[in-house]
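Keep the structure open while reading.

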Amino acid sequence: MTAQEKIPTEYDDLIREKFDDVIAEYEPFEFDQTDRMIKFLCLVGRLKSLPRRGWLLDDRKIASPETIAGHMYRMAIISMLFESSHFDASGENESKNDDNVMRSNLDIGKMIQMSLIHDMAECVIGDITPHDRICSDKKHQSELSVMENLVSLLPPNSSNRLFSLYKEYESRQSPEALLVKEMDRFDICLQAFQYEKQEFFNTSKRILKFDEFFEAAETHVKHPMLKKMVDKLISERNNFWNSKSS
C-alpha cells in the first residue's frame, strides 16, 4: 500500500479534520509541490515545541519537559553509536579476532531515519499516553492515518519512503525496527533518571520515581550494548536513591 492509498478506519474523519485544522495555520502558502513541502516542514517543526505529555501528568508535573523532537533527536544519536558496536544485528558478540569487530550488520542509516520519524504523527495529534485511556489499536490507527495525510504533502518517492519506514517501525518487521523500539525504552529511562535527580535537587528534595520505565526496559531491552547501558543506569539509579535514604 502506498502513502496515497486510503486507510479505512473509523477514526479517519476525525483525524482528517484535526489534520485540516492544523494545516490551516499555514494557508498563506499556495499549494504547488514546493509549498506542500514547506507546509510539511512547518507541521513537523511543531515537534520542536510540543512536549512529551507523560511528564506533565498530575503526579509528575515536570517543569519544561523534553519535546517530542528532542526525544527523537537523542534516539538518532543513539543509533549512531551502533556504528562502532561490538555486536551484530542479532545482538551476538562478534569474535575479537574478526576484522569486522567494529562493524555492525545493522543498517544504521535506516535506524537514524526511523528514530527521526517514529513519533512524527504527534505533530498533529500530540503525544498520546497510556493515561489517556485510548486503546493501542485506536492509537495505532490514528497515528497511521495522520502519517498518511502528512507524507501526502511530499513528492511520491519521498512520501512512499517515509511511509514505508514508519510502517516497518510500527510492525517491528526488521532488526532495525526492533532495536529502535528498544532504544525508545532506553531513552525514556535515561530521561526519567535525569528528572528524578532534577526534582530531588531543584524542588526541595522532591522524591519522584519512575520505576515502571526501568522495569519495562529491564524486561524488554535485549540487545547487549543497550542492555549493558540499561543495567548501568539502573545500578547508578539504585546507588543514588540508596544514598539519599541513608
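## Helix α10

In α10, the buried residues are Met225, Leu226, Val230, Leu233, Ile234, Arg237, Phe240 and Trp241. They pack against three other helices: α3 (68-81), α8 (175-202) and α9 (211-220). The model is a predicted one.

The helix itself covers residues 224-245, 22 residues in total. From first C-alpha to last, α10 reaches 31 Å. That is close to the 32 Å expected at 1.5 Å a residue.

Lys227 counts as partly exposed, at 32% relative accessibility. Asp231 is partly exposed too, at 35%.

## Salt bridges across the chain

How many salt bridges does the structure hold? The count is eleven. One of them joins the side chains of Arg52 and Asp119, at 3.7 Å from N to O. This pair links distant parts of the chain, 67 residues apart. Arg52 is in the loop between α2 (33-45) and α3, while Asp119 is in the loop between α4 (108-117) and α5 (122-125). Both partners are buried. Arg52 and Asp119 also belong to a salt-bridge network with Glu66.

Another bridge brings together the side chains of Lys110 and Glu168, at 3.0 Å from N to O. Lys110 lies in helix α4 and Glu168 in helix α7 (residues 156-171), so this bridge ties together parts 58 residues apart in sequence. Are the two partners buried or partly exposed? Lys110 is partly exposed, with a relative accessible area of 21%. Glu168 has a relative accessible area of 12% and is buried; the cut-off for buried is under 20%.

Pro51 is placed in the loop between α2 and α3. Its relative accessible area is 26%, which makes Pro51 partly exposed. The C-alpha atom of Pro51 is 8.5 Å from that of Gly126, although the two residues are 75 apart along the chain. Beyond its neighbours within four places in sequence, Pro51 is in contact with Leu56, Pro65, Glu66, Thr67, Ile68 and Asp127.

Asp127 lies in the loop between α5 and α6 (136-151). What is the nearest side chain of opposite charge to Asp127? It is Arg52, 4.8 Å away. Asp127 is buried yet has no salt bridge, because the cut-off for one is 4 Å from nitrogen to carboxyl oxygen. Residues up to four places away in sequence aside, Asp127 touches Pro51, Arg52, Arg53, Gly54, Ile68, Glu122 and Asp132.

## The chain as a whole

The secondary structure comes to ten helices and zero strands. Of the 246 residues, 46% count as buried. The accessible surface is about 13100 Å², and carbon and sulfur atoms account for 51% of that area.

Contacts also reach along the sequence. Among those between residues at least 6 apart, 67% join residues at least 24 apart.

Technical notes
Residues numbered from 1 in each chain as written. Predicted model: local features only at pLDDT ≥ 70, side-chain atom pairs only at ≥ 80, totals over all residues. Heavy atoms only, no water. Helix = DSSP H or I, 4+ residues; strand = E, 2+ residues; numbered from the N terminus. Expected span 1.5 Å × (residues − 1). Buried < 20%, exposed > 50% of the residue type's maximum accessible area, 1.4 Å probe, protein only. Contact = heavy atoms within 4.5 Å. Lys, Arg positive; Asp, Glu negative; His and termini not counted. Areas by Shrake-Rupley, 256 points an atom, 1.4 Å probe, with all protein chains shown as cover.
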